[in-house]
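Hi,

Here's the structure I promised to pass along.

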Amino acid sequence: MPFKDYLGELTGLGINAGVTFTLYHVIRIGEEVLHNLKNTEEIEVNSNLVTELIERGGSAVSCVKGIVRADGTVIKSVVRPEVTGVVWKKTIKEHLVAQVMGFWTNDQRTVDEVTSNVPFLIMNKGIGVKVNDPAKLDMADLTVVSEKFEPATNSLADHVWGWMKGVRPTGTQQTEEMLVEGTRVLGVGRLVLREQEIHLEHTDLVPYVVTTSDMKTLIENHESPLPWLRFLAFLTSCGAAYYAYRVITNFERWRGEAKGRK
């Protein structure tokens, strides 16, 4: 059986099988996380929280609700210094007009992105749950506190050169986002009691997030991609089965022809 005659079928089989395995792995992890998220218990942040955690062995995978407060130092907005927060992000994007298949379309690319954060508390009824390292959060919902767009000052030569290249800048957008103090949030992760202080920390069982959404919305956001991933996995598995059938039938035909020549 000449290998080069069936290189296409073998390549197709390998690609489809690899993609199917990858999608299956992603789906399995997603279903486990979704299952854990649905079973995550909400624990109220109050004066009984320390006692409740002691009864649970000092830690628990749960979600808590409260108001964001800085645990010491705060971050001030550059453009609006009166706005304070605990997570800060500045993004600079270049807006472009690009030519794709003969048509001019709007596009953008990130030129620079800077982030900063400080430890903070999720407060409720005078009790705070500490988030010591916000950089480890899988997601934190930020609010846009300032946004500025500066149009590009293109000369005639710039327009001509942009037309020749197929890309022409139209301006630069600077966006400043923050997790603002006073925002009511939902925190999900592992609650840990350490030295009579309560910490919200990372866990592999559920997403480590601080979000302005409720638990139902968070579950829906994690559940919505799974049907599409299952559908893609079904298509690629069909492709793998097709190429496997081609390889097997071609091999059987080659073996029959080889026996006939003998």
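This is a predicted model: local features need pLDDT of at least 70, side-chain atom pairs count only at pLDDT 80 or more; totals for chains, interfaces and linings use all residues.

Let's start with Arg-80: at 35% relative accessibility it counts as partly exposed (buried is under 20% relative accessible area, exposed over 50%, partly exposed in between, with a 1.4 Å probe and protein chains only). Its salt-bridge partner is Glu-82, with the closest N and O atoms 3.5 Å apart; Glu-82 is exposed at 59%. By salt bridge I mean a side-chain nitrogen of Lys or Arg within 4 Å of a carboxyl oxygen of Asp or Glu.

Residues are numbered from 1 along each chain as its sequence is written, and side-chain values use heavy atoms, leaving out hydrogens and water.

The salt-bridge count comes to 14. Two more of them:

- Glu-44 and Lys-125 have their closest N and O atoms 2.5 Å apart. Both sit in loops, so this pair ties together parts that are 81 residues apart in sequence. Glu-44 is partly exposed at 40%, Lys-125 exposed at 61%.
- Arg-109 and Glu-94 come to 2.7 Å. Arg-109 is partly exposed at 45%, whereas Glu-94 is buried at 18%.

There's also a network: Glu-41, Glu-52 and Arg-56 are joined by salt bridges that share partners.

Cheers

How values were computed: Helices (H or I, at least four residues) and strands (E, at least two) are DSSP runs, numbered from the N terminus.
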